[in-house]
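Hello,

Here is the structure I promised to pass on. Please open it first, then read my notes below.

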Amino acid sequence: MSERPQIEPEASILTAVTPAGWVEDALAHLPELLQDHANCEKKAASTALALMFAYPEDRALGAALSRLAREELRHFEQVIRAMSALGVPFQRQRPGRYAQQLRRAVVTCDPARKLDLLLVAALIEARSAERFALLAPHLAPPVARLYADLAGAEARHFLLYLGFARELAPGEWRPRLAALARQEAQLATAPDETLRFHSGPLERYPQQAD
Ligand SMILES: [Fe+2]
Ligand SMILES: [Fe+2]
């Protein structure tokens, strides 16, 4: 059995913390946030499936991602139940800039592409874990309990993706992670047009003087 490198659970790969303004915006737009969160869980499952299709020869990755995809779909079902309990209707929403722009940073040729995909997935999971933990203390049950549980689950996922990245490219993962983490931090902290689970805080315009 191959030894997977051990990573301290508390070690974060994020290079910037979420701004307090985003937490305020998220709490002020909870229905919109829950809707985007439900979409993120579906997307997390589909990202895992896409990796399984792209690298079928990697059986260890396939087995781990099959479990992960099922877990993400259970998260989706939990968010939908919380939305129903709160009377939040399911509405179509256009995606924010975060995942789309992070994806643009991924190189197109393997084996570097596989490393990038694993690292980007690790960063997205790490950001999700951070934000669930930030929001949970401000929310009423049942969402508070759900978000506290999801903080732990997404932290596990970030460690899983990072473990595969380290195993794949022991000499390259660190500098590549540093470069991708800088872009991730910029997207998660710079003022944004729309409030999404992984967006920056909403753009604030200075008050006009009379
Ligand atoms: Fe999830
Ligand atoms: Fe996840």
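The chain carries 25 positive and 26 negative side chains. The centres of these two sets lie 4 Å apart. Keep in mind that this is a predicted model.

Now the fold. The chain has 7 helices and 0 strands. From the N terminus on, its elements run α-α-α-α-α-α-α. The radius of gyration is 17 Å, close to the 17 Å that the globule rule gives for 210 residues, so the chain is as compact as a globular protein of that length. Along its principal axes, the C-alpha trace spans about 65 × 40 × 30 Å.

Next, contacts and surface. Take the contacts in the chain with a separation of 6 or more: residues 24 or more positions apart account for 80% of them. Buried residues make up 47% of the 210 residues. The accessible surface comes to about 11,400 Å², and 56% of that belongs to carbon and sulfur atoms.

What about the inside? The largest nonpolar core has 35 residues. Ile 13, Leu 65, Leu 119, Leu 123, Tyr 161, Leu 162 and Leu 177 touch the most other members. At least two residues of this core come from each of helix 2 (30-54), helix 3 (59-86), helix 4 (98-104), helix 5 (112-135), helix 6 (143-168) and helix 7 (173-189). Helix 5 gives the largest share, 8 residues. A second, separate core holds 25 residues, among them Val 23, Leu 34, Phe 76 and Leu 150.

Best wishes

Conventions: Residues numbered from 1 in each chain as written. Chains lettered and ligands numbered in written order. Predicted model: local features only at pLDDT ≥ 70, side-chain atom pairs only at ≥ 80, totals over all residues. Heavy atoms only, no water. Helix = DSSP H or I, 4+ residues; strand = E, 2+ residues; numbered from the N terminus. Rg over C-alpha atoms; globule rule 2.2 N^0.38 Å. Buried < 20%, exposed > 50% of the residue type's maximum accessible area, 1.4 Å probe, protein only. Contact = heavy atoms within 4.5 Å. Areas by Shrake-Rupley, 256 points an atom, 1.4 Å probe, with all protein chains shown as cover. Lys, Arg positive; Asp, Glu negative; His and termini not counted. Charge placed at Lys NZ, Arg CZ, Asp CG, Glu CD. Core = buried A, V, L, I, M, F, W, Y, C linked by side-chain atoms within 4.5 Å.
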